[in-house]
Amino acid sequence: MRFPATTALAALTLSACAGTAPLEAPSAPVYPIAVYDPFEPVNRSIYRFNASFDRYIFLPVVRGYEWLLPDPVERRVSSFFSNLGEIRNAANGLLQARPEVASRATIRFAVNSTVGLLGLFDVAGAMGVEQQREDFGQTLGRWGVSNGPYIVLPILGPSNLRDTTGTVVDRGVMTQLPPWDIVIDEVYVNPAVYGLEAVDERHLNPFRYYGTGSPFEYEYVRYLYTKKREFDVKR
Amino acid sequence: MAGLAAVALAPSGAMGQALEALPIPEGLRLPVDDPLARTVLGTPEALRAELPVFDLDSNLRAGRVKIFPDRKVPEVFWYAEGLEYLLAEQPGPAPLVFVIGGTGSSAHGDGMILLMRGLYAAGMHVVSIASPTFPGFIVSASETSVPGRLPEDAEDLYRAMMAVLSDIGPLLPVTGFRLAGYSLGGAHAAFVAKLDAQERAFNFEKVLLVNPPVDLLSSVQILDAMFDRHLRDDPQRVNLFIERLMNELGELYLESGEAVFDGDFLYRAYARLTPDDDRLETLIGLYFRLLANDMSFTADLMTGGGYIVPRGREPGFTSSLTPYLARGLSRSFEDYFEELYFPFYKARDPDFDQQEALAELRLAHVEPFLRQARHLGVFTNRDDIILAPGDLDWLERVMGPRLRVFEHGGHLGNFQERAFVDALAAFFGA
């Protein structure tokens, strides 16, 4: 072992977090790694399914994509989808009553969609206007909605009831409204675009199922996801 | 585990890079000579060597070997199909060095990768082998699945290395074999080298032990004590410690948007939080306790339970393991030896003698071999935290000029340091 990258993580592995409940009987020592997880058996089955899906389908496709395209092209793809995400960031900034967040996303979208050639280049970022991701799960959290039970979604991975609702709103309800409906009509003309977006997201995500080698990886991921979202809401 | 941290805290949008670096306050002295801080943080930037990078598209290969193809494995470990290794390939013919990981390390742990890069810079093909204490090794490559007995671990490692070599195949132009190991892997390397002197499958030309424990039991007692001194049997203190640290790291994340927990982030976190020795000790103690827990739980389950998992109550892949994680926190390395390891080997062998078993946990067990093995060297640090008083003297007496002592670095905290990387190259004769 060497410490640097692992230490923080090791330290992160257990802790108290708001809106969680211990799983154990009161007599046993209660460590707060126990995030509220009433559907744990189902979640663990889905976790296992995700690991297999990742290994036999998703990652091979991602590797093919990485092999096929030169790195600069991959970065343009990432940049393109990231730019479309500004619509979500702006909408949620508004819903959170944070005009500075909404206007930042709007400026970024305006600059990158034009000067940045339809989002292929992050010109706004180069000028110092950095992206701040906001989704509907964070919006709910901002208004005091607690996590609810931890949920592992098929393929998408760690979530909770609040964030799952958020995802449904972001990808369902909001896509019916302008300007998303226009983007859907103009960009997502073919299911392959959704596929490309999914591949790009997996390509950017360095997580590998069972990469930690720890038998308690499920617990660690569950805890870190919960803690990370807690900070995302505060951000 | 770094990848996991990176994901967990990475902004989930496309641009996952650090937004801006937090400045290091003026006049802050980075801890070159603080062994606890070096153990946690590694090498300060100013002292770092340029190291080659690995890339799965060109010079790095990952592989997996099945050692016991017919072994039935508890359902919880369904994913552990074979032993993983990494191979970093040179473009032409070169010697090949095997590296054995430290306590709990996989074939791609952070420390392992750093040492591999140093060895690769010295011009060798490098193959990483997980520590026999790594859960994946216990499940798939250990004959007894109860690690720590150095002569038996050495046989497991030797078998694994031969399997890996045959998996790599004859196309890799190898001009000779070398061996290295760090931390517990250093002690393993000594026992593997001795085995190779009899078996001669590899005929190692050079063997290097980096920061090895001299007595495994006294080293783990030092690490156990770091946990026990601060957090012993008190979930509330564990909670408070982690909660505080987590919230402070979270504040840094909010401030900087920086989410990848690499060494530089930790340096800035260190600069900001200025943890005292107690905190660093607690962190190191907790880190090793979690590794001990992974190892004990795996060994326990593989041998039918009774130590952490109740006998006959094998969890399935949908069972919650959280209670075992919590229970394991109060079980030290020493508990593992006393309550799982000794009873297991005693039950297996009626002539088992505890004194003899303790001797097997020391480098002194292979002292005659160490004395005469001219091809074997040791690197350690004067301030290595896992050495007990007298250990360094023992190494000096036994190894003589084949011992190289660095003044600073704590435990494994100088893998990236120029002086260390240069010494690697000199030792392996690049």
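Chain B contains an open sheet of 8 strands in the order β1-β2-β4-β3-β5-β6-β7-β8, with mixed pairing. The edge strands of this sheet are β1 (60-65) and β8 (403-406), each of which pairs on one side only. From one strand to the next, the twist averages 20°. The model is predicted. In total, chain B has 16 helices and 8 strands.

**Overall dimensions and burial**

- The radius of gyration of chain B is 21 Å, which agrees with the value near 22 Å that a compact globule of 430 residues would have.
- The C-alpha trace of chain B spans about 60 × 55 × 45 Å along its principal axes.
- Of the 430 residues in chain B, 51% count as buried.
- Contacts between residues at least 6 apart in sequence join, in 78% of cases, residues at least 24 apart.

**Strand β3 and its two partners**

- Strand β3 (residues 94-100) of chain B is largely enclosed by the rest of the structure, because 7 of its 7 residues are buried.
- Strand β3(B) runs parallel to strand β5 (residues 174-182) of chain B, and 6 bridges join the two.
- Within β4(B), B:His125 is the bridge partner of B:Leu96.
- Strands of a sheet pair through backbone hydrogen bonds, in either a parallel or an antiparallel manner.

- Strands β5(B) and β6(B) run parallel and are joined by 5 bridges.
- In β6(B), B:Leu209 is the bridge partner of B:Gly181.
- Helix α6 (residues 184-199) of chain B lies across β3, β5, β6 and β7 (376-381), and its direction is at about 135° to β5(B).

**B:Leu87 in strand β2**

- B:Leu87 is found in strand β2 (residues 83-88) of chain B.
- B:Leu87 is buried, because 21 other C-beta atoms lie within 10 Å and the cut-off for burial is 20 or more.
- Leaving aside neighbours within four places in sequence, B:Leu87 is in contact with B:Arg61, B:Gly63, B:His125, B:Val127 and B:Ile168.
- B:Leu87 and B:Val126 are 39 residues apart along the chain, and their C-alpha atoms are separated by 5.7 Å.

- B:Asp215 lies in the loop between β6 (206-210) and α7 (216-231) of chain B.
- B:Asp215 counts as buried, because it has 22 C-beta neighbours inside 10 Å.
- Beyond its neighbours within four places in sequence, B:Asp215 is in contact with B:Leu361, B:Arg362 and B:Ala388.
- The C-alpha atoms of B:Asp215 and B:Asp156 are separated by 20 Å, and these residues are 59 apart along the chain.

**Packing of α7 against α10**

- Two packed helices are described by the angle between their axes and the distance between the axes.
- Helix α7(B) packs with helix α10 (residues 277-302) of chain B at an angle of about 115°, and their axes are 7 Å apart.
- The crossing of α7(B) and α10(B) is left-handed.
- From α7(B), the residues in this contact are B:Leu223, B:Met226, B:Phe227, B:His230 and B:Leu231, and they meet B:Asp278, B:Glu281, B:Thr282, B:Ile284, B:Gly285, B:Leu286, B:Phe288 and B:Arg289 in α10(B).
- By class, the contact of α7(B) with α10(B) comprises 7 nonpolar, 3 polar and 3 charged residues.

Key:
Residues numbered from 1 in each chain as written. Chains lettered and ligands numbered in written order. Predicted model: local features only at pLDDT ≥ 70, side-chain atom pairs only at ≥ 80, totals over all residues. Helix = DSSP H or I, 4+ residues; strand = E, 2+ residues; numbered from the N terminus. Rg over C-alpha atoms; globule rule 2.2 N^0.38 Å. Buried ≥ 20, exposed ≤ 12 C-beta atoms within 10 Å, placed from the backbone. Contact = placed C-beta atoms within 7 Å. Axes fitted to C-alpha atoms, helices over the stretch in contact; angles between N-to-C directions. Left-handed = near helix turned anticlockwise from the far one by under 90°. Nonpolar A, V, L, I, M, F, W, Y, C, P; charged D, E, K, R; others polar. Pairing = 2+ DSSP bridges.
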